[in-house]
Amino acid sequence: MFGWVLSLTGVFLELLILCRASSSGTLRRYPLFYSYLALVFLADVYRDVVFFLYGDVALHLPVYRNLYFATEFLSLLVGYGVILEVTRKSFEPYAGAERFSRYLVIAIFLAIFGYVGIKTVASAGWAPATSLRELERDLRAVQALVIAGVVAIALYYGIEIGRNIGGIMLGYGLYTASTVCTLALRSYGGPLALGITFSIQRYSYLFCLIIWAVALWFYQPNPVPDTALRLEADYESLVGRTRSVLGSMRSLLERSARP
Amino acid sequence: MTSLIIFLVLGASLLLLLVFALSRRRSPAAGSSEAFLDARQALSALQNDLLAADLVRRLFAKDDLDYILQFTPESVQKLFIQERRKVTLVWVRQVRKGVMSLRAFHRGQARHYARLRLETEFKLAVSFAVLLLACRALEIALYFKGPYAAPQIVGRTVGVAGRLCAISEKSLGFLTPGSLGDLTRGAAGEQAKV
């Protein structure tokens, strides 16, 4: 019963964020993110309906399993699109940082997929993943690396990220991190770990939905670096400092001029 | 099992990074006159005062120590070493502060350059990190082992800091102290005539 409550809460939050998107004006700014959320929403509704009709038997139905994995991988791929959208928007005013992040993402992809390719060619019996679950885990790990790289660049260059993009990044990052951990535990822990990891993943997704709901409730543009806008203020500051130097020199001269 | 640990570490690292990013305070506006002047002052302090060969040689020279050890009582020797340690600690902290200011300035500027070179950025990032680590190591060595404990680290720190100063000088070239100096000299002269 409690599982149903959690599941329906998730669906409700997804619907709430999607409904709010058009009125807050965030829908046209972050189309890939909302496409991702719409896809997850439809997949969740479908799964809940099948579960409601068939109960636990649904887990063994080929139609359910195939669609489950298809939607998981589709959402994972669209998730990469979300990362690219967020990266492009955050680094837009910073040409140097944007260039850095682009090359870093390409380098991560090349390094990881190159490594997998070489391994596959080198050992005939080796497969990149023995099951779909493991493949998903590996792809999520690559996603986690890309997110970490982008966040590290933003931190390194002191790039300020706005509420909307920051929220998307934080929510998606937390969800990806928890998914990498839970999928890894599931691969090694077997059926014992299944129940615990399933709960962790469910709670982390709910937490991520709450972050998105709060962060995207209103549209807030990403902060623009005010370097050019501050030219006047910069000049004033420079003049202020020069005046203060002049003032102290004047007072010194006045004092020394006195008999 | 090894791959399980790798995945768990990866997930946990991402979580920590996100939490760290969330807790970070906003940095001052890069490119503002304050940032320029701070960087200029830091560079000037490093080049002209803190990294000046004479000062560094004098700070860590053993001549004074030898003299004190030879001709003064133990209490004076202790006091001398304590005082010298304090002075060298202040020196290394000032160098570290100056380097951090230059690094902040460089990052603030580099992020806007469309033709930023990854290789140079990596090299600079590594140089800054090495230098800051060396400063920290030197600080620890000076604190625990006294002012004459780590002459090699001193030499290396001064060398790397000097090279970084040369690079930063190019970025700050347009804000020469001469121009401000001329301005103050002119105004002072005017006041003197009055």
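The average pLDDT of chain A is 79, and 81% of its residues score at least 70. Where pLDDT is low, the predicted coordinates are not to be read in detail.

Attention can now turn to charged side chains that pair up. Over all chains, a search of the whole structure finds eight salt bridges. One of them joins A:Glu72 to A:Arg47, with 3.2 Å between the closest N and O atoms. This pair ties together distant parts of the chain, since A:Glu72 sits in helix H3 (residues 62-91) of chain A and A:Arg47 in helix H2 (residues 31-54) of chain A, 25 residues apart. Both A:Glu72 and A:Arg47 are buried.

A salt bridge also forms between the side chains of A:Asp138 and A:Arg137, at 3.1 Å from N to O. A:Arg137 counts as buried because its relative accessibility is 7%, and the cut-off for buried is under 20%.

In chain B, the side chains of B:Arg93 and B:Glu139 meet in a salt bridge of 2.9 Å, N to O. Here too, distant parts of the chain are linked: B:Arg93 belongs to helix H5 (residues 74-110) of chain B and B:Glu139 to helix H6 (residues 118-145) of chain B, 46 residues apart. The two partners can be described by their accessibility. B:Arg93 has 41% relative accessibility and therefore counts as partly exposed, whereas B:Glu139, with a relative accessible area of 11%, is buried. Back in chain A, salt bridges with shared partners join A:Asp44, A:Arg47 and A:Glu72 into one network.

Several helices of chain A each supply at least two lining residues: helix H1 (2-24), H2, H3, helix H5 (132-156) and helix H6 (163-215). The largest share of the lining, 11 residues, comes from H6(A).

Notes
Residues numbered from 1 in each chain as written. Chains lettered and ligands numbered in written order. Predicted model: local features only at pLDDT ≥ 70, side-chain atom pairs only at ≥ 80, totals over all residues. Heavy atoms only, no water. Salt bridge = Lys/Arg side-chain N within 4 Å of Asp/Glu carboxyl O. Helix = DSSP H or I, 4+ residues; strand = E, 2+ residues; numbered from the N terminus. Buried < 20%, exposed > 50% of the residue type's maximum accessible area, 1.4 Å probe, protein only. pLDDT = per-residue confidence, 0-100.
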